[in-house]
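Please keep the structure in view while reading.

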Amino acid sequence: MHQLLAELMGTALMIIFGVGVHADTVLNDTKYHGSGHLFAITTWAFGISIVLFIFPAVSINPAMALLQFFLGNITFVTFIQTSIFEMIGGVLGAVIVYIMYADQFKHSYDKINNVTIRNIFSTAPGVRNLPRNFFVEFFATFVFLTGILAIATIKTPGIVPIGVGLLVWAIGMGMGGPTGFAMNQARDLGPRIAFALLPIKNKANADWTYGLLVPGIAPFCGAVASFFFAKYYLGM
């Protein structure tokens, strides 16, 4: 239970950093309105590093939990439990962000496009092409998970949180443009659920077709590819 709570709290904190920075850059009357994607991607990267310093043994990502199951590090039951707690953490983190920015949300209704407000919480493609969007999320997740496995082989204290943060930063810059680089069901579907439940005025459709297919299934496929690469090339 201690580990599951770490997954929940770690995921929630990741979302508070990540969804929070999107609220900060998008909504009216924030201190950093309009700061842009470099600001946002940097916050995601640094925020994940901080999460991993506080909760060093977490996956905070159902796709990573699935990879750990394939590698024999956890049982299938533990994978399911971990994924559930991570999803709950994703919902909780997004709700906390909404509470923090409630006044800014009110000042943005009818002034900012309702799809743009939805995209504070969840990812969306720059160009909607589901097969290509799926491939982008699959490949980005494959690189992400494989990169984490490689970084984790370096036993220098503190290198994993810093290395993973740099990895997120690089993937966000190089591969994030087409889809917003979810690579993590708890990062996308958790806040998407929160968006559907929260009392947001004139809210856009949550776009579950995209959410379940691209940030939902593609990261699991990336985990499968990462497992085969790690096992048969990296020898893990």
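In this predicted model, Tyr101 counts as buried, because its relative accessibility of 15% falls under the 20% limit that defines a buried residue. Tyr101 is found in the loop between α4 and α5, the latter helix covering residues 102-108. Leaving out residues up to four places away in sequence, Tyr101 touches Gly20, Ala23, Asp24, Leu27 and Thr30. Thr123, by comparison, is 22 residues away from Tyr101 along the chain, and the C-alpha atoms of these two residues are separated by 19 Å.

**The chain as a whole**

The secondary structure of the protein chain amounts to 10 helices and zero strands, and its pattern along the sequence reads α-α-α-α-α-α-α-α-α-α. With a radius of gyration of 17 Å, close to the 18 Å that the globule rule gives for 236 residues, the protein chain is as compact as a globular protein of that length. The C-alpha trace spans about 55 × 35 × 30 Å along the principal axes of the protein chain.

What percentage of the 236 residues in the protein chain do buried residues make up? The share is 52%. Among contacts in the protein chain with a separation of 6 or more, residues 24 or more positions apart account for 77%. The accessible surface of the protein chain comes to about 10800 Å², and carbon and sulfur atoms hold 70% of that area.

**Annotated spans**

The UniProt record, an unreviewed entry, places the feature "transmembrane region" at residues 39-58, 70-101, 134-152, 159-181 and 208-230. Two of these spans can be described from the model. Residues 39-58 are 80% helix and 0% strand, with their end C-alpha atoms 25 Å apart. Residues 208-230, in turn, are 100% helix and 0% strand, and the end C-alpha atoms of that span lie 32 Å apart.

**Residues in helices**

Ile217 lies in helix α10 and, at 42% relative accessibility, is classed as partly exposed, because this value lies between the limits of 20% and 50%. Apart from neighbours within four places in sequence, Ile217 is in contact with Phe134 and Leu212. Ile217 and Met183 are 34 residues apart in sequence, while their C-alpha atoms are 9.8 Å apart in space.

Ile96 belongs to helix α4, which covers residues 76-100, and Ile96 is partly exposed with a relative accessible area of 31%. The C-alpha atom of Ile96 is separated by 9.8 Å from that of Val19, a residue 77 positions away along the chain.

**Residues in loops**

Two aspartates have a positive phi although neither is a glycine, with about 65 degrees for Asp29 and about 55 degrees for Asp207. Asp29 lies in the loop between α1 (2-26) and α2 (37-54), whereas Asp207 is found in the loop between α9 (185-197) and α10 (208-232). Is each of them buried or exposed? Asp29 is exposed, because its relative accessible area of 53% is over the 50% limit, while Asp207 is buried, because its value of 14% is under 20%.

Lys201 also lies in the loop between α9 and α10, and at 42% relative accessibility Lys201 counts as partly exposed. Not counting residues up to four places away in sequence, Lys201 touches Tyr109 and Asp110. Gly18 is 183 residues away from Lys201 along the chain, and the C-alpha atoms of the two are separated by 22 Å.

The C-alpha separations named above are gathered in the following table.

| Residue pair | Separation along the chain | C-alpha distance |
|---|---|---|
| Tyr101 and Thr123 | 22 residues | 19 Å |
| Ile217 and Met183 | 34 residues | 9.8 Å |
| Ile96 and Val19 | 77 residues | 9.8 Å |
| Lys201 and Gly18 | 183 residues | 22 Å |

Definitions and conventions. Residues are numbered from 1 along each chain as its sequence is written. This is a predicted model: local features need pLDDT of at least 70, side-chain atom pairs count only at pLDDT 80 or more; totals for chains, interfaces and linings use all residues. Side-chain values use heavy atoms; hydrogens and water are left out. Helices (H or I, at least four residues) and strands (E, at least two) are DSSP runs, numbered from the N terminus. The radius of gyration is taken over C-alpha atoms; the globule rule is 2.2 Å times the number of residues to the power 0.38. Buried means under 20% relative accessible area, exposed over 50%, partly exposed in between (1.4 Å probe, protein chains only). Contact means heavy atoms within 4.5 Å. Accessible areas come from the Shrake-Rupley method with a 1.4 Å probe; for residues, only the protein chains shown count as cover. UniProt positions are given in the numbering used here, feature names are shortened, and annotations may be inferred rather than shown by experiment.
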